[in-house]
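Here's a quick look at some charge pairs and a bit of helix packing. Have the model open while you read.

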Amino acid sequence: MKNEKFKILEFIRNLIVNIDNNLDNFPKKDIELKNRIRNNSYDLLEFAYKANVISNREIKISTIEECIAKVKIIDFLLNLCYDKQIINSKKYIKFGAKIDDILKYMVGWLKTINLEKNRA
């Protein structure tokens with residue numbers, strides 16, 4: 001299970017690096033959108049680290065659920081960038097793959113904790 005949590009952090013870090021590298025040519029009118037994507041990605045990293053160290057199961061579950069919500073917000077914002085033609089389909093697909101990986105691991109982490117909870 002510990003590898004899974006650290007894998008999530010690696011995926012989030014890669015997403016942040018990808019965001020920084022690929023969202024540099026934003027139109028001035030959409031800078032707020034870029035800032036929201038960046039801020040939400042850093043918030044996601046912060047929540048994931050918190051969830052990684054929290055020992056209280058209920059708070060950990062709540063924090064992971066916040067992570068999942070942040071991932072979905074980032075996905076929505078990136079979709080909006082694609083719809084506005086700020087990013088092309090190739091970049092959008094790359095972002096989507098990274099987001100899918102993060103979601104898959106977050107949901108798996110949540111299921112593992114819930115299984116442990118049910119056993120206790």
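## Salt bridges and a helix pair

Lys50 and Glu46 make a salt bridge, with 3.5 Å between the closest N and O atoms. (For the term: a side-chain nitrogen of Lys or Arg has to sit within 4 Å of a carboxyl oxygen of Asp or Glu.) Both Lys50 and Glu46 belong to helix 2, four residues apart, about one turn of the helix. Helices here are DSSP runs of H or I with at least four residues, and strands are runs of E with at least two, numbered from the N terminus.

Before going further, a word on the ground rules: this is a predicted model, where local features need pLDDT of at least 70 and side-chain atom pairs count only at pLDDT 80 or more, while totals for chains, interfaces and linings use all residues. Residues are numbered from 1 along each chain as its sequence is written, and side-chain values use heavy atoms, with hydrogens and water left out.

How many salt bridges does a search of the whole structure find? It turns up five, and these are among them:

| Pair | Closest N and O atoms |
|---|---|
| Asp30 and Lys84 | 2.9 Å |
| Arg36 and Glu32 | 3.4 Å |
| Lys50 and Glu46 | 3.5 Å |

Take Asp30 and Lys84. Asp30 sits in the loop between helix 1 (2–22) and helix 2, and Lys84 in the loop between helix 3 and helix 4 (89–119), so this pair ties together parts 54 residues apart in sequence. Is Asp30 buried or exposed? Asp30 counts as buried, at 7% relative accessibility, whereas Lys84 is partly exposed at 44%. (Buried means under 20% relative accessible area, exposed over 50%, and partly exposed in between, with a 1.4 Å probe and protein chains only.)

Arg36 and Glu32 both lie in helix 2, four residues apart, about one turn of the helix. Arg36 is partly exposed at 47%, and Glu32 is partly exposed at 47%. Back at the opening pair, Lys50 is partly exposed at 39% and Glu46 is partly exposed at 41%.

Now for the packing. Helix 2 (residues 31–53) and helix 3 (residues 57–83) pack at about 160°, with axes 9 Å apart. Axes are lines fitted to C-alpha atoms, for helices over the stretch in contact, and angles run from 0 to 180 degrees between N-to-C directions.
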